[in-house]
Amino acid sequence: MMIKSQILDNKTARGLPWVVAIAFFMQSLDGTILNTALPAMARDLNEDPLRMQGVIIAYMLTVALLIPASGWIADRFGTKKIFLSAIVLFSFGSLLCAFSHSLDMLIGARVVQGLGGALMLPVGRLVVLRAYPRTELVRIMGFITIPGLLGPLIGPTMGGWMVQYLTWHWIFLINLPVGLIGCYAAFTFIPDLRGKQQSRFDSLGFVLFGAAMLFITVAMEGLGELHLPHLRVMLLLFAGMACLIAYWLRAGRVANPLFSPSLFNTRTFAIGLFGNLFARLGSGALPFLVPLLLQVALGYSPSQAGMSMLPLAAAAILAKSLARPIIERLGYRMVLTANTLALGIMLASVGLVSEQTPYWLLLTLLAILGAINSLQFTAMNAVTLIDLNDENASSGNSLLSVVGQLSLSLGVACAGALLGGFSGNMASDTQTAVLSAFQLTFLSVGVMTMLAAAIFALLSKEDGRMLAQD
């Protein structure tokens, strides 16, 4: 649904980008500050640190489930009310996380957090899209995404410092003052914008699509943290695939489906989306596995583990500026095929890390990995959306966001299942056995990622070339 940009007063026009930028920073910080704290949280909750992935998956999956409904909810109730409610929910979920005294309570609190996070970013982007003329969009979007890049840079270090010198509860409590400022700013600066026409929401499609994601993710978790019998895992996978097939068969026959099958008539979108799904399995596992490797297998302190993640995040930010000239020179097919292979090789090479690995070499390895991963995200997202027309752009972008969140959660679930399987097969529970489990997990994740290069190899040499040079 397209509507004309709204006329804003000067105060709102100046303050609105700051409010959305704060929301981006708040969510990106929360997503990275948690990983370094997982071992400390596991000790406090009397859980195995190698089986804490449910804390991350609960949030990601909740966000993925609600993203398709975010635009319709904002149109129905107004952007101001929904954005304000999202910040309140996110802050309340953070408070519940801080006071959780069991893993089940913490996972439930992360679901509440995810309800807020699922609405914050999509509605924030929607407000900017509707409030400013198209000539200002590049400048405004560039401004509000910068804080989102800073979150991964300072999150691991801040999380490690808080765990070592305070307690893990503070990684959630820090969201409360930011949330209070965000509530005031949202109430003051966010305009109440709505779509001009209310289309009927595809409720049945939403249930089928959401059930498919839920069943498949729980099945992956069943192989890891949940220790479900293999028969139950197979039944969950079967139910997930059945719901997905039922959704696509129905979507071709209804007027306003959640995501139209016609999106896949655009070849670059289909290739980019499936490439995203499989390539992000390795990328999704990275922020979960590396802090655990450093602390549980190599014996790093939380603060040292957090500091060790700095080169990865810093290199990712620097690589953003190099992405466009590299893609323009080499083309999407060559960049994505070669870069996916390189990403898989680098992930597998982390499996060679041991207590004897020089610290400078570890930091160099993580920096290279961060740069390659950043280029991968930029190129994958661009080629997926680049050929969509105006009619399909919004729906395609939403589906890409859903698949991105889903693949990240599946990456964590898959890494947790591999790690649990390899550690369970070890004859002893010594430090050497734990390190071997991590090494085998990184090797497996790396090989899985390399296989995604075959999908990107289906692109033609000219795909995206003309638009990239405009």
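The second largest pocket of this predicted model is lined by 21 residues, among which Ile 216, Leu 244, Leu 277, Leu 406 and Leu 410 lie nearest its centre. A pocket here is an open set of points on a 1 Å grid over the protein atoms alone, where a 1.4 Å probe fits, with protein on both sides within 12 Å along at least five of seven lines, and a lining residue has an atom within 4 Å of a point. The volume of this pocket is about 500 Å³, a volume being the space filled by probe spheres set on the points, which are joined across faces, edges and corners. By class, the lining holds 21 nonpolar residues, with no polar and no charged ones; Ala, Val, Leu, Ile, Met, Phe, Trp, Tyr, Cys and Pro count as nonpolar, Asp, Glu, Lys and Arg as charged, and the others, Gly among them, as polar. At least two lining residues come from each of helix H8 (203–223), helix H9 (230–251), helix H10 (267–297) and helix H15 (390–425).

Because the model is predicted, local features need pLDDT of at least 70 and side-chain atom pairs count only at pLDDT 80 or more, while totals for chains, interfaces and linings use all residues. Residues are numbered from 1 along each chain as its sequence is written, and side-chain values use heavy atoms, with hydrogens and water left out.

The chain as a whole contains 18 helices and zero strands, where helices (H or I, at least four residues) and strands (E, at least two) are DSSP runs numbered from the N terminus. Of its 470 residues, 54% are buried, the term meaning under 20% relative accessible area, with exposed meaning over 50% and partly exposed in between (1.4 Å probe, protein chains only). The accessible surface comes to about 20,400 Å², and carbon and sulfur atoms hold 68% of that area, as computed by the Shrake-Rupley method with a 1.4 Å probe. Among contacts (heavy atoms within 4.5 Å) with a separation of 6 or more, 84% join residues 24 or more positions apart.

Individual residues can be set side by side by their relative accessible area.

| Residue | Relative accessible area | Class |
|---|---|---|
| Ser 407 | 0% | buried |
| Leu 106 | 0% | buried |
| Cys 414 | 11% | buried |
| Thr 266 | 17% | buried |
| Cys 183 | 18% | buried |
| Asn 46 | 70% | exposed |

Ser 407 belongs to helix H15 and, leaving aside neighbours within four places in sequence, is in contact with Asn 276, Leu 277, Arg 280 and Leu 281. Leu 106 is placed in helix H4 (residues 103–131), and beyond four places in sequence Leu 106 touches Met 41, Leu 45, Val 55, Cys 97, Ser 100 and Phe 172. The pair Leu 106 and Val 55 is 51 residues apart in sequence, yet the C-alpha to C-alpha distance is 6.9 Å.

Two of the tabulated residues lie in loops. Thr 266 sits in the loop between H9 and H10 and, with neighbours within four places in sequence set aside, is in contact with Asp 387 and Leu 388. Asn 46 is found in the loop between helix H1 (10–44) and helix H2 (53–77), and the phi of Asn 46 is near 60°, a positive value in a residue other than glycine. Most residues other than glycine have a negative phi.

A search of the whole structure finds zero disulfides, a disulfide being a pair of cysteine sulfur atoms within 2.5 Å.
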